[in-house]
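This guided tour moves through the structure one selection at a time. Please keep the viewer open and follow the stops in order.

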Amino acid sequence: MPEPIARDQSRTLRTPQDLLRAGLVAEAMLPALEEVAARYATAITPAMAALITPGDPADPIGLQYLPDPAELTIAPHEMEDPTADAPFTPVKGVVHRYPDRALLKPLLACPVYCRFCFRREKVGPDGGVLTEAELESALLWFEGNTAIREVILTGGDPLMLSARRLGEILGRLAGMAHIETLRIHTRVPVADPARVTGALVAAMRQAKPVFIAVHANHAREFTPDAAMALARLAEAGVPLLGQTVLLRGVNDEAPALEALLRAMIRNRIKPYYLHSLDPAPGTARFQVPEDDGLALMAALRGRLPGHALPFFVRETPMGGGKKAVS
Ligand SMILES: *Cc1c(COP(=O)(O)O)cnc(C)c1O
Ligand code: SF4
């Protein structure tokens, strides 16, 4: 184990130098990590950095967020846009694959950058924020498409927007007669719970229901601060759903997955999807064979309340949408 260095707990770690200073990587790794950093964004919030055991290469939080030279090795089956968002984008920031619902991506920044992210070629701190005009075009698209009943805000992470901005966008969408529900996909409540302020929670109070799907992959992510953030959202009447990516070394053993699902229901989150990993570039080290995933799901049935079991799904290539793994 490297000598633990005084760890700066006050700000998000964004460069290999930051990671070195925080004692999370060895100095000998720096040249390789600089190469990774030139290609893929890094961010580890203080909340998540505090959970990582320095020097433990098997740490399930470290595995999710610490850059790894293996990211520069692209396997033959890996794709830049594994969910095929691009061909289903009628206007910038919108992805329309299903008749009744569509995605709105107001920005591409995240609180943390997950090393297995399916949008890793697109996300990053430079934001990909829709301009005023682009956002207006996207909102006009939703206004004109009256078959859409649900708008799913994703990105990037929509909770990286200011509370005011988010409230304005939700308000515009909720004001459309054909829109019945809104949904936000986010990692903020666990990865950066300090962002869940009173103002942010207030932005969820809209004329239409706002659901939040929280992305979490390991029980340890549910810190006391995360629990408080989630409780505030639940108390504001926001139904909480859980989304998990099945990841080798993080949650691919029954006790770890069980602990995660139990942490979710304790925090009023209904586990919704367990995603089979999308083949984004340089993520092969996380891949779990689908048969192993099915065996895990079978092992958990009966061991947990039925409502704690998510659907195990994969994204079909070429934009075919989510399908049950069976
Ligand atoms: C995942 C996804 C949705 C949401 O699907 P649900 O099964 O309702 O969670 C909607 N649109 C696109 C393009 C998606 O990829
Ligand atoms: S928070 Fe979501 S969009 Fe952002 S890097 Fe992680 S998986 Fe990708």
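**First stop: ligand 2.** The model shown here is predicted. Please select ligand 2 and display the residues around it: Cys110, Val112, Tyr113, Cys114, Cys117, Arg187 and His215. Coloured by class, this shell shows 5 nonpolar residues, 1 polar residue and 1 charged residue. Which space does ligand 2 take? The space is the largest pocket.

**Second stop: the largest pocket.** Please now display the surface of this pocket, whose volume is about 840 Å³. Its lining comprises 38 residues, and those closest to the centre are Phe118, Arg119, Thr154, His185 and Gln243. Which strands supply at least two residues each to the lining of the largest pocket? They are β1, β2, β4 (181-186), β6 (240-245) and β7. By class, the lining divides into 18 nonpolar, 10 polar and 10 charged residues.

Please select ligand 1 and then the residues around it, which are Val95, Arg97, Tyr98, Arg101, Leu103, Ile152, Arg183, Tyr272, Tyr273 and Lys322. In this shell, 6 residues are nonpolar and 4 are charged, while no polar residue is present.

With the shell displayed, colour the strands β1 (94-98), β2 (101-104) and β7 (269-275), each of which supplies at least two of the residues around ligand 1. Which strand gives the most to this shell? It is β1, with 3 residues.

For Tyr272, a polar side-chain atom lies 2.6 Å from an oxygen atom of ligand 1. For Arg183, the distance from a polar side-chain atom to an oxygen atom of the ligand is 2.8 Å. For Lys322, the corresponding distance between a polar side-chain atom and a ligand oxygen is 3.1 Å. How much of ligand 1 does the protein bury? Taken alone, ligand 1 exposes 390 Å², and the protein buries 91% of that area.

Rolling a probe the size of a water molecule over the atoms shows where empty space is left. How many cavities of 30 Å³ or more are counted? The count comes to 3.

For the largest cavity, which holds about 60 Å³ of space, please select the lining residues Tyr40, Ala41, Tyr113, Cys114, Arg115, Cys117, Arg120 and Val123. Here 6 nonpolar and 2 charged residues form the lining, with no polar residue. Tyr113, Cys114 and Cys117 belong to this lining, and they are also among the residues around ligand 2.

For the second largest cavity, with a volume of about 40 Å³, please select Pro106, Val129, Leu130, Leu135, Leu161, Arg165 and Ile169, which line it. This lining divides into 6 nonpolar residues and 1 charged residue, again with no polar residue.

Technical notes:
Residues are numbered from 1 along each chain as its sequence is written. Chains are lettered from A and ligands numbered from 1 in the order in which they are written. This is a predicted model: local features need pLDDT of at least 70, side-chain atom pairs count only at pLDDT 80 or more; totals for chains, interfaces and linings use all residues. Side-chain values use heavy atoms; hydrogens and water are left out. A residue is near a molecule or strand if one of its heavy atoms lies within 4 Å of it. A polar contact is a pair of N or O atoms within 3.5 Å; within protein, one must be able to donate a hydrogen and the other to accept it, and residues adjacent in sequence count only if both atoms are side-chain atoms. Accessible areas come from the Shrake-Rupley method with a 1.4 Å probe; for residues, only the protein chains shown count as cover. Helices (H or I, at least four residues) and strands (E, at least two) are DSSP runs, numbered from the N terminus. Ala, Val, Leu, Ile, Met, Phe, Trp, Tyr, Cys and Pro count as nonpolar, Asp, Glu, Lys and Arg as charged, and the others, Gly among them, as polar. On a 1 Å grid over the protein atoms alone, a cavity is a set of points where a 1.4 Å probe fits but cannot get out, and a pocket is an open set with protein on both sides within 12 Å along at least five of seven lines; lining residues have an atom within 4 Å of a point. Grid points are joined across faces, edges and corners, and a volume is the space filled by probe spheres set on the points. A molecule sits in a cavity or pocket if more than half of its atoms lie within 2 Å of its grid points.
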